[in-house]
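Biologist: Please show me the model. I would like to go through it by question and answer.

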Amino acid sequence: MMAAAVAGQAGRRVLLVDHADAPGKKILISGGGRCNFTNIHTAPDRYLSANPHFARSALSRYTPADFIELVDSYGIAWHEKTLGQLFCDGSAKQIVAMLLDQCEQGGVELSLGRAASEIGHADGLFSVGLGNRTVSAPKLVIATGGPSIPKMGATGFAYDVARRFGLKVIEPRPALVPLTLGGDDVLFRDLSGVATEVVATAGQGRFREAALFTHRGLSGPAILQVSSYWRSGEAVTIDFLPDRDAGWLLAEKRARPRATLRSALGQALPDRLAETLAERLALSGNLADLPDKALAAAEAQLAGWTFHPNGTEGFAKAEVTIGGVATDVLSQKTMEAKAVPGLHFIGEAVDVTGWLGGYNFQWAWASAVACGEAL
């Protein structure tokens, strides 16, 4: 919708095709129905890609301030929730309505409820089968996202088109997704519903936000963030007490010698979590009766508790897809395939994946504008 509106308002004749019966279905469910439409801290280093510099051009030319200006012009009330995340005060329906109005201003024609098929290319024109008719145009923009949340109609259509034209696709996998636990970590599934603020680390990702234990494993913002950096077979490390300085447990022993490890943990953590961690550390009795060396080891484990996820909850629960159409086959200025003039890929279909919290929407808007202006 964003790319179509920009191109339409620039005088292009645009047909917007969506196999769903209504546009913007993923927008409608985003942010708990309030659409986390951008993040004011957007920067290229908050995106994962085989080429970390690819997103820089589009993001610099269409910023969060630009989208906020558009939102404000429609009188849509919004608020900053946390960490620069902006949400509608009302409903995500307002964002969809705004984008549709922008399309209408550009004279964009909509084709809904019919899947695109039989994509061809000859004599400088792309052809697309739509039910019982075929349409053609010199430019084709693929803005179909990735396969995350298939119940909303998401598919790998963009990758099929890319491969159809000989373009490289980086292995798609679920991102911003809960992790599942097995083996020795199964015990923690009994903590389903317990949440606490942690620092979670996986690969090059390190985030301080809430972690949530679920009946299948780990979730919550901190876990969703590091899931984008996690690869199968690797560990996830959690600091359960990020506000405690080194030596805090020994200091607790001096100040409250009759306290137990369980009660010491209970001062900073939810009761069920404190109890489980104390049981796993297996240090019973009063702190005064425990060796300093054992307490120091417990403190170190609490600051770097290692989990070994056995997988993720997959595309069904993933907020976005990491990977996609390779950036080295696209122009970072226009999102056009270098080897196939007139073919463009934007948004989540491309190998650019943002952090949790509005970053992926901002990439969608920015890549759409970069493409729309170039058509």
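Modeller: First, a definition: buried means under 20% relative accessible area, exposed over 50%, and partly exposed in between (1.4 Å probe, protein chains only). This is a predicted model, in which local features need pLDDT of at least 70, side-chain atom pairs count only at pLDDT 80 or more, and totals for chains, interfaces and linings use all residues. Residues are numbered from 1 along each chain as its sequence is written, and side-chain values use heavy atoms, with hydrogens and water left out.

Biologist: How many salt bridges does a search of the whole structure find?

Modeller: A salt bridge here is a side-chain nitrogen of Lys or Arg within 4 Å of a carboxyl oxygen of Asp or Glu. The search covers the whole structure, and the number found is 15.

Biologist: Is Arg133 buried, exposed or partly exposed?

Modeller: Arg133 forms a salt bridge with Glu109, with the closest N and O atoms 3.9 Å apart. The pair links distant parts of the chain, 24 residues apart: Glu109 is in strand β6 (residues 109-112) and Arg133 in strand β9 (residues 133-137). Helices (H or I, at least four residues) and strands (E, at least two) are DSSP runs, numbered from the N terminus. The relative accessibility of Arg133 is 31%, so Arg133 counts as partly exposed.

Biologist: How many residues apart in sequence are the parts that Lys168 and Asp328 tie together?

Modeller: The side chains of Lys168 and Asp328 meet in a salt bridge at 2.9 Å, N to O. Lys168 lies in the loop between α6 (157-164) and β11 (169-175), and Asp328 in the loop between β19 (320-325) and β20 (343-345), so the parts they tie together are 160 residues apart.

Biologist: Which residue joins Glu197 and Arg208 in one network?

Modeller: The network is made by salt bridges that share partners.

Biologist: Which residue in β17 is the bridge partner of Ile238?

Modeller: Two strands pair if DSSP finds at least two bridges between them. Strand β16 (residues 236-239) pairs antiparallel with β13 (residues 195-202) over 3 bridges. Another 3 bridges join β16 to strand β17 (residues 305-307), again antiparallel. In β17, the partner of Ile238 is Trp305.

Biologist: Which residue just after α10 takes a positive phi?

Modeller: Helix α10 (residues 271-281) has buried residues Leu273, Ala274, Thr276, Leu277, Ala278 and Leu281. They pack against β13, β14 (205-213), α9 (261-266), α11 (292-303) and β17. Just after the helix, phi is about 55° at Ala282.

Biologist: What is the relative accessibility of Ser228?

Modeller: Ser228 lies in the loop between α7 (221-227) and β16. Contact means heavy atoms within 4.5 Å. Leaving out residues up to four places away in sequence, Ser228 touches Leu48, Arg173, Ala175, Leu176 and Ile322. Ser228 counts as buried because its relative accessibility is 2%.
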